[in-house]
Amino acid sequence: MSTTVPEPGHLKIGADGSMQGATSSYTKRLGEMGGVYRDEDAYQALLAELGPDHLVYQVQEHRNVTTEGALIIGTSTLLPGRVGDEFAVTRGHLHALADRAELYHCLSGTGVMLLETVDGESQAVPLQAGEAAHVPGHWIHRSVNTGDEPFVTLFCYPADAGQDYSIIQDAGGMASLVVGTENGWATRSNPDHHGYTTAAVTASSNRGI
Ligand code: MN
């Protein structure tokens with residue numbers, strides 16, 4: 001095999017998000033989630049109760065080259081939880097190359113893919129095992145666990161996409177919050193959100209969801 005051609009991946013993927021054959025993995029812990037949840041008092045109380053090393057989500061992925069046309073394939077396992085009335089979330093991002101799309105296929109648990117455009121459109125796509133969200137380019141996206149079990153998704157996106165996390169931070173959070181209700185969950189307008197600025201669509205980082 002030519003050295004310029006990557007080796008194929010053979011992946012064994014479990015409903016719990018386990019991924020034999022992954023090339024990398026990372027975790028996001030409660031102490032790294034400062035500023036993500038709207039209720040800062042609830043976040044600080046949970047931090048004091050569970051500690052900064054408490055796992056929020058983990059990602060396993062298979063990636064080789066990052067050239068145009070290559071893929072990153074992985075699993076995201078978001079543990080259940082609440083911060084105030086907000087359900088557990090991933091940080092969320094817009095792709096640094098904003099037109100890059102992404103697939104999220106739910107393997108287990110129940111959750112929501114929260115999707116927003118910089119123009120103010122917002123959609124919450126509910127997911128359970130066997131259901132998938134096709135996230136087009138130009139949609140900011142975040143996973144939300146609305147259930148009592150880990151919310152596990154298989155994702156696949158272009159390897160050159162990159163991630164811009166600051167766009168959410170700079171906007172005062174996403175426009176919608178996914179909160180608990182008597183019957184499950186609902187979206188609620190985030191009063192701290194003051195609009196996305198496309199000037200923020202320049203930063204990038206190389207990994208993460
Ligand atoms: Mn993404």
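In what order do the 6 strands of the open sheet stand? The order is β3-β4-β5-β13-β8-β11, with antiparallel pairing. This is a predicted model, in which local features need pLDDT of at least 70, side-chain atom pairs count only at pLDDT 80 or more, and totals for chains, interfaces and linings use all residues. Residues are numbered from 1 along each chain as its sequence is written.

**Sheet**
- β3 (24-29) and β11 (132-135) are the edge strands; each has a single partner strand, so one side of each has no neighbour in the sheet.
- Neighbouring strands are turned by 20 degrees against each other on average, direction ignored; the axes are lines fitted to C-alpha atoms, with angles running from 0 to 180 degrees between N-to-C directions.
- Strands are DSSP runs (E, at least two residues), numbered from the N terminus, and two of them pair if DSSP finds at least two bridges between them.

**β3 and β4**
- β3 is joined to the antiparallel strand β4 (residues 55-62) by 6 bridges.
- Y26 has V59 in β4 as its bridge partner.

**H138**
- H138 sits in the loop between β11 and β12 (140-145).
- The phi of H138 is positive, near 70 degrees, and the residue is not glycine.
- Most residues other than glycine have a negative phi.
- H138 counts as partly exposed because it has 16 C-beta neighbours inside 10 Å; the class lies between buried (20 or more other C-beta atoms within 10 Å) and exposed (12 or fewer), with C-beta atoms placed from the backbone.

**Confidence**
- The chain has a mean pLDDT of 94, and 93% of its residues reach 70 or more; pLDDT is the predictor's confidence in each residue, from 0 to 100.
- Residues 200-207 have pLDDT below 50, and this stretch has 19 contacts in the model beyond near neighbours in sequence; a contact has C-beta atoms, placed from the backbone, within 7 Å.

Key
Helix = DSSP H or I, 4+ residues; strand = E, 2+ residues; numbered from the N terminus. Contact = placed C-beta atoms within 7 Å.
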